[in-house]
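Hi there,

Here is the structure I promised to pass on.

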Amino acid sequence: MKLASLKGGRDGRLVVVSNDLAWFTEAHHIAPTLQAALDHWEGCEPALRGLAESLEHGAVPRERFHEHQAASPLPRAYQWADGSAYVNHVALVRQARAADMPDSFWTDPLMYQGGSDGFLSPRDPIPLSDPAWGLDLEGEIAVIVGDVAQGATREQGLAAVRLVMLCNDVSLRNLIPGELAKGFGFFQSKPACAFSPVAVTTDALPGWKDGRLSGALSVELNGKALGEADAGVDMTFDFGTLIAHAARTRTLSAGSIIGSGTVSNRGPDGGPGKAVADGGVGYSCLAELRTVETLTGGAAKTPFLAAGDTLRIEMRDARRHSIFGAIEQVVAGS
């Protein structure tokens, strides 16, 4: 089942989308918003699934689905907690900052709580007030959960996953070192992010297994391939582990979003991966590319994002059909 929120009001308008992303049908008679559906999932899910099946058979009124009319599936959320499940990414960006890499990072997930009071829509421009801030994109996988009890196990965390989507976790790289040096974590360096036009239930994802989503996450910059890393490879912590980590000392309310962190694959030799142009799977963010450039050539050559740059984040199935729709954004200068 695929769900989306069309733009309108702060929380959008819930619709069911066809598997091929061509059509949608209104779901307001079941729940006005996705958050309302998540709050009453046991009753709403069967009705939404029935509506989805009717849509596939052309048995309900339908309209063309246009991704530019979609907000992020949850235009705002009660909680957005982003992990770093791909420890290879953590190692590379810390190397770029000349920061130590504690051994515990391989056994205990990193996680920060980002701003969730308003997300960018998947086709919204990314505002950039100052190019010196070092604007970067980050291609990620994210899940939306139902209610999760404090102290939940990994298995209970997995059972709470309601929907899966893609994320562009926008980062201001040059503000990060100063913020982390204060010992209080990210804030100004993590502005509003964006999610894919459509959120998908796990049963509709052939690549979903044991809390991981396999498949190439396509990241393009200015029309050229930046990354094709497989989201199911080199994921040190699965989503069940991330959810249990988030719920260790608190309950998670229905509609909380948990992110994977930047999707990142090692090279065949276990070291940093190669660029797509060099036969590798590339990178899901510019920070990794810049780190590899520094390691191999002594200095980073690729600049961070600037006004006018365009990016696209998407995942396709075996038949090359888009699964979640595409995050497609342009950087807008001040």
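A quick word on terms before the notes: buried means under 20% relative accessible area, exposed over 50%, and partly exposed in between, using a 1.4 Å probe and protein chains only. Helices (H or I, at least four residues) and strands (E, at least two) are DSSP runs numbered from the N terminus. Please keep in mind that this is a predicted model, where local features need pLDDT of at least 70 and side-chain atom pairs count only at pLDDT 80 or more, while totals for chains, interfaces and linings use all residues. Residues are numbered from 1 along each chain as its sequence is written, and side-chain values use heavy atoms, with hydrogens and water left out.

Let me start with helix H7 (residues 286–297), whose buried residues are Leu286, Ala287, Glu288, Leu289, Thr291, Val292 and Glu293. Just after H7, glycine 298 takes a positive phi of about 95°.

Helix H2 (residues 41–56) buries Trp41, Cys44, Leu48, Leu51, Ala52 and Leu55. These residues lie on the same side of H2, because they cover an arc of only 105° around the axis (taken from the directions from the helix axis to the C-beta atoms). On the other side, Glu42, Gly43, Pro46 and Glu53 are exposed. Glycine 58 follows H2 and has a positive phi near 70°.

Leucine 55 is buried, with a relative accessible area of 3%. Leaving aside residues up to four places away in sequence, leucine 55 touches Val16, Val17, Ser18, Trp23, Phe24, Thr25, Val60 and Arg62, where contact means heavy atoms within 4.5 Å.

Helix H6 (residues 239–246) is mostly covered, with six of its eight residues buried. At its start, a side-chain oxygen of aspartate 238 comes within 2.8 Å of the backbone nitrogen of glycine 240.

Finally, the cores. A nonpolar core is a set of buried Ala, Val, Leu, Ile, Met, Phe, Trp, Tyr and Cys residues joined through side-chain atoms within 4.5 Å. The largest has 63 residues, and those touching the most other members are Ile141, Val143, Val164, Ile258, Met315 and Phe324. Its largest share, four residues, comes from H6. A second, separate core of 32 residues includes Leu55, Ala142, Leu163 and Phe195.

Best wishes

Notes
A polar contact is a pair of N or O atoms within 3.5 Å; within protein, one must be able to donate a hydrogen and the other to accept it, and residues adjacent in sequence count only if both atoms are side-chain atoms.
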